[in-house]
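Hi everyone, thanks for coming. Let's take a first look at this structure together, and please keep it on your screen while I talk.

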Amino acid sequence: MNKSVLILGAGLMQGPAIRAAKELGYTAFVVDGNPGAVCASMADVFNVIDLKDRQALADYADLINKNASEGKNGELAAVFTAGTDFSASVAYVAEHCSLPGHSFEACLNASNKVRMRGCFAAGKVPSPDFEEVDSEKIQELILRAEKNQISFPKVIKPVDNMGGRGCRLVRNKDELQEAVTLAVKNSRTSKAIFEDYMDGQEFSIDSIVYDGTLTITGFADRHIYYPPYFIETGHTMPSTVSEKVKNELIATFALGIKSLGLQRGVAKADIKYTARGPMIGEIAARLSGGYMSGWTFPYSSDCYLTKEALKVSLGVAPDFIEKNRVSIKWQPHQSVKDMEQPFELYELKPSKVSAERAWISIPGKIKAISGYEEAEAVKYVKDVLPRNKEGNQVNFPRNNVEKCGNVITCAQTHELAVSAACEVLSKITLRLEPHNKDTEDFLKGVEAPDEKGFPPSAFDVEVNWNKVKDIPQGQKISLFMPEEFTEKVLEKRDWNHCTLKQVISRFENMCPDHKPLEGKTFWKACLRGSIQAMLYIADN
């Protein structure tokens, strides 16, 4: 074989795709707008091209094929991406080169949330009511809100971005202007979608669709917290939801795929089960980011999903999937029960459980990081994946790009995988530099007018501060705890799954020779920002 694959993106999420192309025997031509992309060195040939520039990508594909005709490399056999929002660019180049894949129009439908919602509406697929918003329409929205013509809560999001950038809950009219402005700013086309809020449990679904079949290749529970933002603190694969609910969600997903016109390639959904049944948040013509398709599904199923998806883009059968998948019955929710089954349904079921969790930080600048070695030694851990290093500025996340790192575990049971992931997180400590305004504002509870209650405190405990004593130099802080810190209270956990008892013990281990501590200030910091805030106060 002497052929090539063009892969869009050289970030961490594209690493599995580059590796898959090379393992299948293809030359991996990789492009990214970032010359320092972390996986650029994995490519056989790397070039810097903006992934939004479809014509430049098509011209580069033509150059690859021209060089192939002159015997300089293999002819292009597929165009592929994973974990990026550039499926339309992939489809544009694939159509240009007459290669297999979803149509360009279908990928445009799956890339632009306004087009997507229009397709869902036309296909009678359950999804939120919506309207398109741009900078010129912001004042109109505000006027309608002032006249009580808008019912809250609502969700605002850019029409064409991923990672939760610019996406948030709008809980009342006072939050509207800042939220819409942020969403429009985070859109490549300066447009946002303003839609009804769906209340219900959320799931991620990965799939491969080809030749009239749809195979589910990942069905995970998503763990979303910290309103007004939608921060995914992790996912667990497989889901613990009932088979009935799962099949209803899959049926609605299948109808959504059909409505977008996706026919050959991959599709992933963010979907909720609401009081009215399944409702689709979005469907993308790509594999999941967030470590699902390239990490947790392979760990839980022993299926190298990215390689199987690449085979479909190459126009060949995904043989591992076809050998191991099982048939799924068509069991739609009553909201879509009269609609015709669009695909023959299958699922590749995991045999193990894999859990991904993220660790997060309070605002500030990282002075030192500890606990990685202890984290990597935890039983069932597969990966500890930091995103930050010493000297980096960090914030309590407002989108999924601002998390500080991720851990992934795999075990035979849900309990073992999840508890191991939580244990790993609890061992990592980001110590912040002293005298930092962002940290000080956080500790004081400073919040923006449109972000009431955000960021949250680490521990919710009522304390009679008049009874709290100061802590002498070098004394164990556990001897001076507020009387409200009962055994039950000490088992409360912060956002990194550390118990209050654990953070007190950790502080004593890390700061045995601390200076005198003003009790009220110290323990308020403890409840507000956990171990990071305790260390910050001691270091100041």
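How closely do the axes of helix H2 and H3 come, and at roughly what angle do they cross? Before I answer, a word on the ground rules. This is a predicted model, where local features need pLDDT of at least 70 and side-chain atom pairs count only at pLDDT 80 or more, while totals for chains, interfaces and linings use all residues. Residues are numbered from 1 along each chain as its sequence is written, and side-chain values use heavy atoms, with hydrogens and water left out.

Now the answer: the axes of H2 (residues 54-69) and H3 come within 9 Å, crossing at roughly 40°. That makes H2 oblique to H3. By axes I mean lines fitted to C-alpha atoms, for helices over the stretch in contact, with angles from 0 to 180 degrees between N-to-C directions. Under 35 degrees counts as roughly parallel, over 145 as roughly antiparallel, 65 to 115 as roughly perpendicular, and the rest as oblique. Helices (H or I, at least four residues) and strands (E, at least two) are DSSP runs, numbered from the N terminus.

Who touches whom here? On the H2 side we find Arg-54, Gln-55, Leu-57, Ala-58, Ala-61 and Asp-62, and they meet Ala-88, Ser-89, Tyr-92, Val-93 and His-96 in H3. Contact means heavy atoms within 4.5 Å. These residues divide into six nonpolar, three polar and two charged. Nonpolar covers Ala, Val, Leu, Ile, Met, Phe, Trp, Tyr, Cys and Pro; charged is Asp, Glu, Lys and Arg; the others, Gly among them, are polar.

H3 (residues 87-96) also packs with H4 (residues 104-111), at an angle of about 175° and with the axes 8 Å apart. H3 and H4 are therefore roughly antiparallel to each other. In that contact, Ser-87, Ala-88, Ala-91, Tyr-92 and Glu-95 of H3 meet Phe-104, Cys-107, Leu-108 and Ser-111 of H4.

On to the strands. There is an open sheet of four strands, in the order S5-S8-S6-S7, with antiparallel pairing; two strands pair if DSSP finds at least two bridges between them. S5 (130-134) and S7 (168-170) stand at the edges with a single partner strand each, so one side of each is left without a neighbour in the sheet. Helix H6 (residues 138-146) packs on the sheet and touches S5 and S8 (191-196), its direction making about 130° with that of S5. Helix H7 (residues 176-185) packs on the sheet too, touching S5, S6, S7 and S8.

Elsewhere, S12 (residues 265-274) and S13 form a hairpin with two residues between them. Seven bridges join these antiparallel strands, and Lys-272 stands opposite Met-279 in S13. Is S13 (residues 277-284) mostly covered or uncovered? Mostly covered: eight of its eight residues are buried, meaning under 20% relative accessible area, with exposed over 50% and partly exposed in between (1.4 Å probe, protein chains only).

Finally, some backbone details. The Phe-152 to Pro-153 peptide bond is cis, with omega near 10°, and Pro-153 is in the loop between H6 and S6. Another cis bond joins Met-237 and Pro-238, with omega about 0°. Tyr-226 has a positive phi near 70° without being glycine, and at 14% relative accessibility it counts as buried. Asp-302 has a positive phi of about 65°, but at 52% relative accessibility Asp-302 counts as exposed.
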